[in-house]
Amino acid sequence: MDDSPKADSFLDLSTNINSHLSQIERLKEQLGKLRDMLQGVYDSDPTYQTHNAAVKEATKIRSQTKKQIQKQPPVLDLITKIADLKAHIKDLTETLSDYLDQYAKTGQTSIETPDGKIKQIIFVPKLVSVGK
């Protein structure tokens with residue numbers, strides 16, 4: 001059996017991946033430059049500067065008010081409960097992901113929930129940098 005078509009397909013796929021990575025990086029760089037240009041236009045407008053200063057002051061006041069409210073014991077309790085629930089949901093989600101991975105390795109691509117709904121298991125490929 002000849003692996004040449006398979007190897008060619010793999011090389012074509014690698015070339016396409018690298019080409020798209022390069023395009024994405026170039027476009028992100030171009031996008032950054034355009035955003036900087038737009039911000040420069042805003043920053044040079046006197047009306048924008050005045051409104052921006054007012055927004056910053058209002059934000060500062062709101063932030064101080066929020067900090068004062070958060071010092072109240074019932075509010076602190078709510079903040080703690082929210083943080084605990086978020087952490088618990090994150091842990092459950094990570095465990096569920098592990099279970100789904102194991103379940104998918106059995107060849108199953110969907111699962112029926114207790115309420116009779118069919119849920120499909122999907123995996124989302126993502127490219128991340130390693131090393132260097």
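Does Asp101 count as buried, exposed or partly exposed, and at what relative accessibility? Asp101 counts as partly exposed, because its relative accessibility is 29%. Here buried means under 20% relative accessible area, exposed over 50%, and partly exposed in between (1.4 Å probe, protein chains only).

## Basis

This is a predicted model: local features need pLDDT of at least 70, side-chain atom pairs count only at pLDDT 80 or more, and totals for chains, interfaces and linings use all residues. Residues are numbered from 1 along each chain as its sequence is written, and side-chain values use heavy atoms, leaving out hydrogens and water.

## Salt bridges

A salt bridge is a side-chain nitrogen of Lys or Arg within 4 Å of a carboxyl oxygen of Asp or Glu. The count comes to three. Asp101 meets Lys105 at 3.5 Å, N to O. Lys105 is exposed, because its relative accessible area is 67%.

Asp77 and Lys81 form another bridge, with the closest N and O atoms 3.3 Å apart. Both lie in helix H3 (residues 73-104), four residues apart, about one turn of the helix. Helices (H or I, at least four residues) and strands (E, at least two) are DSSP runs, numbered from the N terminus. Lys81 is partly exposed at 46%, and Asp77 is partly exposed at 39%. Glu29 bridges to Lys33, with the closest N and O atoms 3.8 Å apart. These two sit in helix H1, also four residues apart, about one turn. Glu29 and Lys33 are both exposed.

## Aromatic pair

The structure holds one aromatic pair. The ring centres of Tyr42 and Tyr48 are 5.1 Å apart and the planes lie at 20°, so the pair is stacked. Rings of Phe, Tyr and Trp (its six-membered ring) pair if their centres lie within 6.5 Å; planes under 30 degrees apart count as stacked, over 60 as edge-to-face, and the rest as tilted. Tyr42 is partly exposed at 36%. Tyr48 is partly exposed at 30%.

## Surface and span

Leu13, Ile17, Leu21 and Leu127 form a nonpolar surface patch, with about 380 Å² of accessible area together. Patches take residues with over 30% relative accessible area and no salt bridge, joining like charges within 9 Å and nonpolar side chains (Val, Leu, Ile, Met, Phe, Trp, Tyr) within 5 Å. Accessible areas come from the Shrake-Rupley method with a 1.4 Å probe; for residues, only the protein chains shown count as cover. Leu127 is in the segment after strand E2 (118-120). Leu127 is exposed, at 62%.

Val41 belongs to helix H1 (residues 4-43). Val41 is exposed, at 51%. The C-alpha atoms of Val41 and Gln120 are separated by 48 Å, and the two residues are 79 residues apart along the chain.
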